[in-house]
Amino acid sequence: MLDYNRFKKIYFGIGLIVLTIFVGIGGYMIIEHYRFFDAFYMTIITVGTVGFGEVHPLSDAGRLFTAFLIIASFGTFANAIFVVSRAFSDGEINNYFKNLRLNSAIEKLENHVIICGYGRNGKEAAHVLKNHNQRFVVIEEKQPVIDNMHTRYKELILAGDATHDEMLLRAGILKAKALITTLPLDADNVFIVLSARALNPKLTIISRASNDNSDKKLKTAGANNVIMPDKIGGAHMASLVLKPDVIEFVDYITGQGGDNIKLEEITFDNLSEVYKNKTIRELEIRNKSGANIVGFKTAQGEYVINPSPDTLMIHDAKLFVLGTSDQIHKLKELFE
């Protein structure tokens, strides 16, 4: 953590040095009637104790002033050197500039994902996002966890408490497209969801929940989806017993298989104007890209498997398309 009190001391020490130099310049100009440049030079060789000769012979008053200037500058420089050396030895200077680079990098991000907590669920979420080249920012409170993190975007890791609004703002929540909160305590996740929804009403929020009763509370707070890892894990294992090949295939096309196969959604808003309010037949997705339409979500939120070619792509509707990464890329180039 950055010690701002330490930096205040550094700035204060540097300020005293600058003040001492100006006092020296002013003193020589007033007492000895030196020109500004001569007064500046005399001040520097005095506070630097380099032992050069006087610019002009000094009067008794000038010598007395020089003696006091040497004593004052000695204490000022000694204090500043101690504070700066201590900051470098503790690594605070490096942390200061590291935070500047971090803030600059986050400010440039748009449509990124914020991951709150880097436990088992947060780590897995980061792994999948990384495999799909999705930029993300991690907020983690535990320093040992941060030190052991190895991601492609290691420079985008914030150390702090995600329940604080200032941390969410530092992570760029105003320009983010989604937030994933995976903290172990449901109360903390509820608090983050409430804050995130207030800061960015358009944000997609996915939250972890441990208790059955927390599901409704998180959705009421503003979460789009609530995931219960234990329940999903048990159901997944049971499904692998009943229909293993089906489940493995679903895992493969939904992100577990890497970048080769993709199941993507195409929204009405992402379509260019010439393709809006067209039927699936008129879109010619299969002919133009090779990808297949496997599902459709109506404007009312209903899901349709293998929609009819006459289905109209209207406002708030979505298409679900399955294809290789090349086919999906070609499709996006055609329609967006």
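Tutor: Let us begin with pairing: two strands are said to pair if DSSP finds at least two bridges between them. The model before us is predicted. Here strand 8 (residues 292-297) and strand 9 run antiparallel and are joined by 3 bridges. Within that pairing, G295 has I305 in strand 9 as its bridge partner.

Student: In what order do the strands of the open sheet lie?

Tutor: The open sheet has 4 strands in the order 7-10-8-9, and their pairing is antiparallel. Strand 7 and strand 9 are the edge strands, as each pairs on one side only. From one strand to the next, the twist averages 25°.

Student: Which helix packs on the sheet?

Tutor: Helix 14 (residues 325-335) does, touching strand 7 and strand 10. The direction of helix 14 makes about 135° with that of strand 10.

Student: How should I read a parallel pairing, and where does strand 4 pair in that sense?

Tutor: Strand 4 and strand 5 (residues 204-208) pair in the parallel sense over 4 bridges, with A178 standing opposite T204 in strand 5. Between these strands the chain passes through helix 8, and this β-α-β crossover is right-handed. Strand 1 also pairs with strand 4 in the parallel sense, over 4 bridges. In that pairing, I114 has L179 in strand 4 as its bridge partner.

Student: Which way do the residues of strand 4 point, and are they buried or exposed?

Tutor: A residue counts as buried under 20% relative accessible area. From strand 4 (residues 178-181), A178 and I180 point one way, L179 and T181 point the other way, and all are buried.

Student: Which residues touch the most other members of the largest nonpolar core?

Tutor: The largest one has 27 residues, of which I114, C116, I139 and L179 touch the most other members. Elements giving two or more residues to this core include strand 1 (113-116), strand 2 (136-140) and helix 8 (186-199). Helix 8 gives the most, with 3 residues. Another core, of 16 residues, lies apart from it, and among its members are Y275, L283, F296 and F335.

Student: What does I139 touch?

Tutor: Leaving aside residues up to four places away in sequence, the contacts of I139 include I114, C116, L158, M167 and L168.

Student: How many salt bridges does the structure hold?

Tutor: A salt bridge requires a side-chain nitrogen of Lys or Arg within 4 Å of a carboxyl oxygen of Asp or Glu. The structure holds 6 of them. In one, the side chains of E265 and K318 meet at 3.4 Å, N to O. This pair links distant parts of the chain, since E265 is in strand 7 (residues 261-267) and K318 is in strand 10 (residues 318-324), 53 residues apart. E265 is partly exposed at 42% relative accessibility, and K318 is partly exposed at 24%.

Student: Why does the pair of R281 and D310 tie together parts that are apart in sequence?

Tutor: The side chains of R281 and D310 meet in a salt bridge of 2.4 Å, N to O. R281 lies in helix 12 (residues 280-283) and D310 in the loop between strand 9 (303-305) and strand 10, so the pair ties together parts 29 residues apart in sequence.

Student: Are K276 and E273 buried or exposed?

Tutor: These two form a salt bridge, with the closest N and O atoms of K276 and E273 3.2 Å apart. K276 counts as buried because its relative accessibility is 17%, whereas E273 is exposed at 63%.

Notes:
Residues are numbered from 1 along each chain as its sequence is written. This is a predicted model: local features need pLDDT of at least 70, side-chain atom pairs count only at pLDDT 80 or more; totals for chains, interfaces and linings use all residues. Side-chain values use heavy atoms; hydrogens and water are left out. Buried means under 20% relative accessible area, exposed over 50%, partly exposed in between (1.4 Å probe, protein chains only). Axes are lines fitted to C-alpha atoms, for helices over the stretch in contact, and angles run from 0 to 180 degrees between N-to-C directions. Contact means heavy atoms within 4.5 Å. A nonpolar core is a set of buried Ala, Val, Leu, Ile, Met, Phe, Trp, Tyr and Cys residues joined through side-chain atoms within 4.5 Å. A crossover is right-handed if, with the strands pointing away from the viewer, the path from the first strand over the helix to the second runs clockwise.
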